[in-house]
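Subject: Structure for your review

Dear colleague,

Please find below the structure that I am handing over to you.

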Protein chains: 2
Amino acid sequence: MSSIDCGPSNRRLSRGPWSVVRGLFPIFARLMTFNLIAKDTKSSARAGVITTDHGEIKTPIFMPVGTAGSVKAVHQRELETDIQAQIILGNTYHLYLRPGIPLLQKAGGLHRFNGWTRPILTDSGGYQVYSLAENRKISEEGVAFKSHIDGSSHVFTPEGVIDIQRAIGADIIMAFDECTPYPCEYGYARNSMELTHRWLTRCIQRMNETSPAYGYEQVLFPIVQGSTYRDLRQRSAEFVAEQGQPGNAIGGLSVGEPSEDMYEMTSLVCGILPQDKPRYLMGVGTPENILECIALGIDMFDCVMPTRNARNGMLFTSEGIINIRNEKWKDDLSPLDARLGGYASTFYSKAYLRHLIISKEILGAQIATLQNLTFYLWLVNQARERILDGTFAAWKDQMVPIVSRRL
Amino acid sequence: MSSIDCGPSNRRLSRGPWSVVRGLFPIFARLMTFNLIAKDTKSSARAGVITTDHGEIKTPIFMPVGTAGSVKAVHQRELETDIQAQIILGNTYHLYLRPGIPLLQKAGGLHRFNGWTRPILTDSGGYQVYSLAENRKISEEGVAFKSHIDGSSHVFTPEGVIDIQRAIGADIIMAFDECTPYPCEYGYARNSMELTHRWLTRCIQRMNETSPAYGYEQVLFPIVQGSTYRDLRQRSAEFVAEQGQPGNAIGGLSVGEPSEDMYEMTSLVCGILPQDKPRYLMGVGTPENILECIALGIDMFDCVMPTRNARNGMLFTSEGIINIRNEKWKDDLSPLDARLGGYASTFYSKAYLRHLIISKEILGAQIATLQNLTFYLWLVNQARERILDGTFAAWKDQMVPIVSRRL
């Protein structure tokens, strides 16, 4: 068992070295706000502004995934100036295992550790515990698991995971949940949802008992579960809405179910979650998924697809999807995606990128990642502009076939 | 046998698709010049300026290696603005196999293919044929070999390799040579050197028979061989010097011999090669090697060490050499190398880079490579400044122990 256990059965967290930082900084935090500035009349799409102590986030927004404190193959300045990311994700599971919370605390949080100065959202580690860790054992208390890196034993509890995310320094902290697989038997989905709700109550209590780790505000987003069952999703959304937290998330989708199910559940839940709080659809998705779910009322997205697929040579562009490894791009000396603007999309050609990807050159992963993230941020920004000028629904119907076609 | 054979026995090169470009561009080329602007009084160090059609190169200079048309893990704009590289290398062997000469011709040369606008030097492929290719068979005519990528058969001849480098669009073309291993039996070294000399004659003839591929000047650098034998090195240097080419290179060193032997051979050869032409020591080396060889009269260097070792976590800094994987850097939140200036060296901390390298994050390779190349260019620029202000020899003696110590 690691010496860094978390949870009520081991309260070292609240008196150990990684709580020392608390109290050293003046608390200047103010409540995160969400200003809804436009609603589409022909869909449920919204445009808004989330204000955090690390700056504004204009919604709808896509959040690049920075698993272990780095958006893979991208420098921090590229995230800001080329991709124009407004918020990135960190993974509690990965950061807890490596570099570890004591070092992040010593640095003054993840922002100071990796140099990213805009907002950070951390997931709760729940999803990774189920998908990556070994020998996991779930109980009322939490989840015991072994590290996929070195096999060491650890326990995540709702309380521990709040403490860890406070210590990471996330602006937005996610509640600890169980993410059910697809398909999922009804009884399992119901019991799991109820466990997630009980864990949420514990997460909220822990948030209320503790203070921001580094002086800036940290808020909690609860997560709606319930698999693809309408009654469970409704109950979960109602429970989550009642908690009155500054934002809410939908989990357990984009795990293999048909898109229609994803849209049905998203639509149902968006009808219940409060209008005046941001809604975050976790782990979604393709450009098409994102446009459709913006139309259903989602404000925030994250997904590894643009970064992970980039490294395999799949490009998302304003003209459609390109497998750059295909022979057809071999002699194509045109820019990757001139319409986007930005360095990588206009400076490098398809033929050059194809050569790099096929030759397994690191620069290939760098360029493709810049292209895909620049495109994803361009797409949500375009959506926002259309919501603001009242043309979103028609534009969305026009864009979906374009961004989802294979070139 | 590939359809892209090169050499006198197969003259498709001079009439095939990849010679089409010749003649399409007006020849505005002028002779590459080398202006020697300062000489150190206490050593043989020199400062100069090489002027090419793609701009000036201030010597002494280090040339980052861009094997397959990419300096690994580095964007073109980072090479220019962060590293401040003035010239980069391409590898004939790699570029010929992938992406292949027809595509490079279609692009208008490597500069247009990868977007690097400053000078490019290409090696002749000789070294890679010996170190990477399979089933190589050397003869008077040239070298037959099988690709390490797909096993396909190819032949490199002096004439073919000149044609390929013209088609790549190198500003500086290297003669086709045999690079002897270390240790090397005297008879083998002598015969090999004589073969390299006969190949040089053929290279020069081929250069004279052909025109620049893309309108800008392309010049040939012959290569001195002779292993670690003083008499062979002397003969080879005299033969090379007599050819009257715009620059000269020393090959076959930094292949495992003691540093003292490298320095002895370099000193001997520099005493024979003309003063008024740049001297390029191929494949060298450590920061210490570079400073010592600048003192012996070398103007140009290349080496994979700063880029390759970066990817394994070895950092070259203005304070010494760091193995960033060592536990001692775990909590070190200080910048990589504040003295250098530049993005990566000042923005990222040692602890963050250590985390990335240990976690096998691509960004780790990117940051470490930027650091090492920024340092190498800083080092040769510092050397140049000291030559110009007359303090080089003392500065060099002070710097060698610093840049070679392990931190």
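A rotation of 180 degrees, with 0.0 Å of shift along its axis, places chain B on chain A with an RMSD of 0.0 Å; the copies are superposed by least squares on the C-alpha atoms of residues with pLDDT of at least 70 in both. This is the relation of a two-fold axis. In chain B, Ile362(B) has the C-alpha nearest the axis, at 3.8 Å from it. In general, a rotation about an axis and a shift along it relate two copies of a chain.

The model is predicted, so local features need pLDDT of at least 70 and side-chain atom pairs count only at pLDDT 80 or more, whereas totals for chains, interfaces and linings use all residues. Residues are numbered from 1 along each chain as its sequence is written, chains are lettered from A and ligands numbered from 1 in the order in which they are written, and side-chain values use heavy atoms, with hydrogens and water left out.

The interface

How many residues does each chain give to the contact? Chain A gives 40 residues and chain B gives 40 residues, where contact means heavy atoms within 4.5 Å. Because 100% of the interface residues of chain B are also interface residues in chain A, the copies meet through the same surface.

Between them, the two chains bury about 3,500 Å², of which 57% is on carbon and sulfur atoms. Buried area is the accessible area (1.4 Å probe) that two parts lose on being put together, summed over both. His75(B), Arg77(B) and Tyr352(B) supply 18% of the area that chain B buries against chain A, more than any other three residues.

Polar contacts join 22 residue pairs across the interface, both residues being at pLDDT 80 or more. A polar contact is a pair of N or O atoms within 3.5 Å; within protein, one must be able to donate a hydrogen and the other to accept it, and residues adjacent in sequence count only if both atoms are side-chain atoms. By class, the side of chain B that touches chain A has 20 nonpolar, ten polar and ten charged residues. Here Ala, Val, Leu, Ile, Met, Phe, Trp, Tyr, Cys and Pro count as nonpolar, Asp, Glu, Lys and Arg as charged, and the others, Gly among them, as polar.

Salt bridges

There are 33 salt bridges over all chains, and five between chain B and chain A. The term means a side-chain nitrogen of Lys or Arg within 4 Å of a carboxyl oxygen of Asp or Glu. Asp82(B) and Arg77(A) form one, at 2.4 Å from N to O. That pair crosses between chains, from the loop between H2 and strand E5 (88–91) of chain B to helix H2 (residues 76–81) of chain A. Helices (H or I, at least four residues) and strands (E, at least two) are DSSP runs, numbered from the N terminus. Glu78(A) forms a salt bridge with Arg77(B), the closest N and O atoms being 4.0 Å apart.

Strands and backbone

In chain B, five strands form an open sheet with parallel pairing, in the order E4-E15-E14-E13-E12; two strands pair if DSSP finds at least two bridges between them. The edge strands of chain B are E4 (61–63) and E12 (223–224), each pairing on one side only.

In chain A, the peptide bond from Thr59(A) to Pro60(A) is cis, with omega near 0 degrees. Pro60(A) lies in the loop between strand E3 (55–59) and strand E4 (61–63) of chain A.

Yours sincerely
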